[in-house]
Amino acid sequence: MTTETSGKPSGASSPIRLATNFVTVGVWTFLSRVLGFARDIMMAAYLGTGPVAEAFAVAFTLPNMFRRFFAEGAFNLAFVPMFAKKLEAGEDATGFARDAYAGMAFILTIFSVIGMLIMPVLVWLMASGWVGDARFSLATAYARVTFPYILLISLTALLSGVLNAAGRFRAAAAAPALLNLTFIPAIVIGAHFDALPGGGDGVRIGWAMAWGLPVAGILQLATLWWAARRAGFTMTIKRPRLTPELRQLAIIAMPAVLAGGVVQINLLVGRQVASYFEGAYNWLSYADRLYQLPLGVVGAAIGVVLLPELSRRLAAGDDKAGKQAMNRATEFALMLSVPAAVALVVIAVPLISVMYERGAFTSADTAATALALAVYGLGLPAFVMQKVLQPLFYARADTRSPFRFALVSLVVNAVAAVALAPFIGFIAAAVGTTVAGWGMVLQLWLGSRKMGAAAEVDAQLRTRFWRICAAAAIMGVFLAIAYALLNPMLEPGRMRYLALMILVFGGMGVYFVAGQLLRAFDIREVRAMLRRSKG
């Protein structure tokens, strides 16, 4: 048996090194989200919340939904701990990764072909309220082009797992930016052709973006394949074979696949509710993308770094290091997600107005999207904490418990969204998502109490939690007062960007000063973390 050592991570990790990895992933994720905002601003200006925008939203959501189901949400959560443990033990981790790579390529090629053939059924599952509408046929046409992205991005996610488990986070964190770097010129090209005679309805812009998705997938896969090769993990296309290790992977992954399926059904419930309200599909989509900025920067960074870290520590029997990693990750998550949630609730309207209200995106769209953003903001800490708590289970190859918890969350989400829709309209979908998110965190927290030392809360986290909440509350009061004073500047045609910058950076300044005074965190720790990240 051969042993791959070139990508093996170094030994013990410190809190500073762990935090540095969080920052590395977070910074690149932030860059990708900023580019995503540029993409969304252009889409909102050219398409607003009209039929082409809604049709493309479905075509874009479908492959990304299954991506989370097959790769990031299920397969990788089972694959990364096994791969990390093989690296730690000096076993043939590369051979295991190659077998998984070949198996995933084979299965998802077949799945992509089947999905393209039955696309009308998949679109109906996403938006049954569109049957008989032009949006339905347009979404079906766009989605047949975008659907192969599942294969490309799932293989990319596997390579990301390989690199992350080896302690190499930069390339995997940077790859998502390629998606938006592809979309932005695609929108410009589509707008150029849409301006030609016979155009003007935005359909050509939709086609340009649809074709941009598989192109971006090819670029992302090529980038990560090359990075993995440089790290000593060369993936090759070969005949798939069901090895004993892959059987074990399938046994571990199956409950996670089912749990991922439940999570995606949650998404479908919300989208189905939205499809019965004109414009609601895109109101929810734009709000979702905005709150995904802090969720992606904090939650995804922690999830990506923490899972392989916990897996290595538990494999080595080091519960003390596991506890330290878990508590500092939770502290880091709360330090950033709690104030972000307060900001999304208090200044939702100016955020949406300044970001999107131009061209085809109206003030009515701003009001509806801001309402959805505020409701999602209330659930932001829950969505982030799920990323922190789930690795405790997956690092122990316990995928059954999260599946059971996800089933309960599904019921909560469906009941809330469907039952409340006749009374509060489209916003019931966002309410269901937020309530289900907190329910999932409660279950994960209670379930982790039986896991011993690695899941224990230390004194520092208990003390700092309430201080973080107090600092965020002070920031919220500042934002409410500043918003009232700056409101005239936030009107269209006025100094909107300056006013929003004052709100955002002023709020950040108040929060960090209050946090330092209340000893919710130590600025010296943050500076040390950033210096280490820069180095």
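# Briefing: rings, charges and a surface patch

E245 is partly exposed, with a relative accessible area of 27%. The model is predicted. A search of the whole structure finds nine salt bridges, and the structure also holds 20 aromatic pairs.

**Salt bridges**

- Side chains of opposite charge can pair when their charged atoms come close.
- E245 forms a salt bridge with K86, and their closest N and O atoms are 2.4 Å apart.
- K86 lies in helix α2 (residues 51-89) and E245 in helix α10 (residues 244-275), so this bridge ties together parts that are 159 residues apart in sequence.
- K86 is buried, at a relative accessible area of 9%.
- K238 pairs with D99 in a salt bridge, with the closest N and O atoms 2.7 Å apart.
- K238 sits in the loop between α9 (203-230) and α10, while D99 sits in helix α3, so the bridge joins parts 139 residues apart in sequence.
- K238 counts as partly exposed, at 32% relative accessibility, whereas D99 counts as buried, at 5%.
- D40 forms a salt bridge with R39, the closest N and O atoms being 3.2 Å apart. Both D40 and R39 are buried.
- A network of salt bridges links E54, D133, R135 and E278.

**Aromatic rings**

- The structure holds 20 aromatic pairs. In one of them, the ring centres of Y356 and F361 are 5.8 Å apart and the planes stand at 45 degrees, so the pair is tilted.
- Y356 is buried, with a relative accessible area of 0%. F361 is buried too, at 2%.
- F393 and F405 have ring centres 5.9 Å apart and planes at 85 degrees, so this pair is edge-to-face.
- That pair links distant parts of the chain: F393 belongs to helix α14 (residues 363-394) and F405 to helix α15 (residues 400-424), twelve residues apart.
- F393 counts as buried at 1% relative accessibility, and F405 is buried with a relative accessible area of 12%.
- One aromatic cluster is formed by F79, F83, F96 and F233.

**Charges over rings**

- R449 lies over the face of W445, and the distance to the ring centre is 3.8 Å.

**Nonpolar surface patch**

- A nonpolar patch on the surface has about 1,000 Å² of accessible area together. Its members include F106, I107, W124 and V131.
- Helices α3 (93-117) and α4 (119-126) each supply at least two residues of the patch.
- The largest share, six residues, comes from α3.
- V131 is found in the loop between α4 and α5 (134-146). V131 counts as exposed, at 52% relative accessibility.

**Around L163**

- L163 has its place in helix α6 (residues 149-165) and counts as buried, at 2% relative accessibility.
- Leaving out residues up to four places away in sequence, L163 touches R168, A171, L224, A227, A228 and A231.
- L163 and G232 are 69 residues apart in sequence, and their C-alpha atoms are 9.8 Å apart in space.

Definitions and conventions. Residues numbered from 1 in each chain as written. Predicted model: local features only at pLDDT ≥ 70, side-chain atom pairs only at ≥ 80, totals over all residues. Heavy atoms only, no water. Phe/Tyr/Trp six-rings, centres within 6.5 Å; stacked < 30°, edge-to-face > 60°. Buried < 20%, exposed > 50% of the residue type's maximum accessible area, 1.4 Å probe, protein only. Helix = DSSP H or I, 4+ residues; strand = E, 2+ residues; numbered from the N terminus. Lys NZ or Arg CZ within 6 Å of the ring centre and 35° of its normal. Patch = residues over 30% accessible without salt bridge, like charges linked within 9 Å, V, L, I, M, F, W, Y side chains within 5 Å. Areas by Shrake-Rupley, 256 points an atom, 1.4 Å probe, with all protein chains shown as cover. Salt bridge = Lys/Arg side-chain N within 4 Å of Asp/Glu carboxyl O. Contact = heavy atoms within 4.5 Å.
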